[in-house]
Every structure is written in structure tokens, then in C-alpha cells.
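Here are some exercises to work through with the structure open beside you. Try each task before you read its solution.

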Amino acid sequence: MIINTTHFNADHKQIIADLVGSPFSLVQKLKMNGVGSKRMIIDKVSPNMQSMMNVVADINYGNIELRPKGIVIRINKGLSNFAWIIPYYHLVIYKINGSSIHAQGKFVQFRPDKTFKENRKFFDKMIDEKVKYDMLYAMPKEL
């Protein structure tokens, strides 16, 4: 689900909390060594997300925030802000020539540059959180 978060809306805050959980507490953020990525350059997006990208040759930026049950990708388009809410059970990550995040029939690919390399530990943390979530809700094997 993509939400325009340029202006504060309490309904949007509640929708995000329902889908991916409330933000981590300060203590949890410190224990996890941070829950947000640095700003990264968006290289490509799926055609159904093209309206959120700058039309001119401006660079598109995005960052990722971890939540207990998913992630929030925040995308800036000029003075507008968008949040793509992805529960962990929809999340698919490809690490080919940068990193590509897929969910709900959409994708965002981040450029493999200096800022992406600085976020390598964050991506590892995100994958670990997804695995923890998957293990929590894994189906038991029949004997």
C-alpha cells in the first residue's frame, strides 16, 4: 500500500501501525543499533510506481524504516513524500546489481553506489528481521 505522507494524517499513522506495527521504542532502537537506512538513490521502479518519481532528470531518493511486522519505504518526489508499506510476508529482496525490493506487484531498485554500500549492514539486519518473522509464523512440519 502506498500512502502520500506529505501532510500529517492520523488515519495514515493508524494504517501503517495496523499493517507493519508501531515504531520501535527508543530502547529497542538502541538495542538494534538503529532501525532506519541512510538515504539511497532509486535507480528503477515498476511501471505502476512511475507516478511517484521525478519527471525531470532529478535524482530520486528513498530510505527504509524497519517495523516489528514489516518495513516502510519512504520516497521523496520534490516536495511530496510517499510511504510504501510492506508487511514481511509480502517482502522479497533480490541482491543483484544493487538491491531490489519487490512486493504487492511493485518493485524499487536502489543504485549500487557509495550510499548503498554504507547500508550493507542495514540490509543484513532487515533480512534477519524478516527471517525472525518468518520463523515465528512458520507452519509446523508434519511428522
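**Exercise 1.** Work out how far apart K130 and D134 sit in helix α4.

*Solution.* Step 1: K130 and D134 are four residues apart in helix α4, which means about one helical turn separates them. (Helices are DSSP runs of H or I with at least four residues, strands are runs of E with at least two, and both are numbered from the N terminus.)
Step 1: Now look at the side chains of K130 and D134, which meet in a salt bridge, 3.2 Å from N to O. (A salt bridge is a side-chain nitrogen of Lys or Arg within 4 Å of a carboxyl oxygen of Asp or Glu.)
Step 2: Check the cover: K130 counts as buried at 17% relative accessibility, while D134 is partly exposed at 32%. (Buried means under 20% relative accessible area, exposed over 50%, partly exposed in between, with a 1.4 Å probe and protein chains only.)

A quick note on what you're looking at: this is a predicted model, where local features need pLDDT of at least 70 and side-chain atom pairs count only at pLDDT 80 or more, while totals for chains, interfaces and linings use all residues. Residues are numbered from 1 along each chain as its sequence is written, and side-chain values use heavy atoms, leaving out hydrogens and water.

**Exercise 2.** Find out which parts of the chain the salt bridge between D43 and R111 ties together.

*Solution.* Step 1: Start with the bridge itself: the closest N and O atoms of D43 and R111 are 3.4 Å apart.
Step 1: D43 belongs to strand β2, and R111 to the loop between β8 (106–110) and α3 (114–118), so the bridge joins parts 68 residues apart in sequence.
Step 2: Compare with the cut-offs: D43 has a relative accessible area of 37% and is partly exposed, and R111 is partly exposed too, with 33%.

**Exercise 3.** Track down where D124 and K95 lie.

*Solution.* Step 1: These two form a salt bridge, with the closest N and O atoms of D124 and K95 3.3 Å apart.
Step 1: D124 is in helix α4 (residues 120–136) and K95 in the loop between β6 (92–94) and β7 (99–103), so this pair links distant parts of the chain, 29 residues apart.
Step 2: D124 is partly exposed at 37%, and so is K95 at 46%.

**Exercise 4.** Decide whether N60 is buried or exposed.

*Solution.* Step 1: Find N60 in the loop between β2 (40–45) and β3 (61–67).
Step 1: Its relative accessible area is 10%, so N60 is buried.
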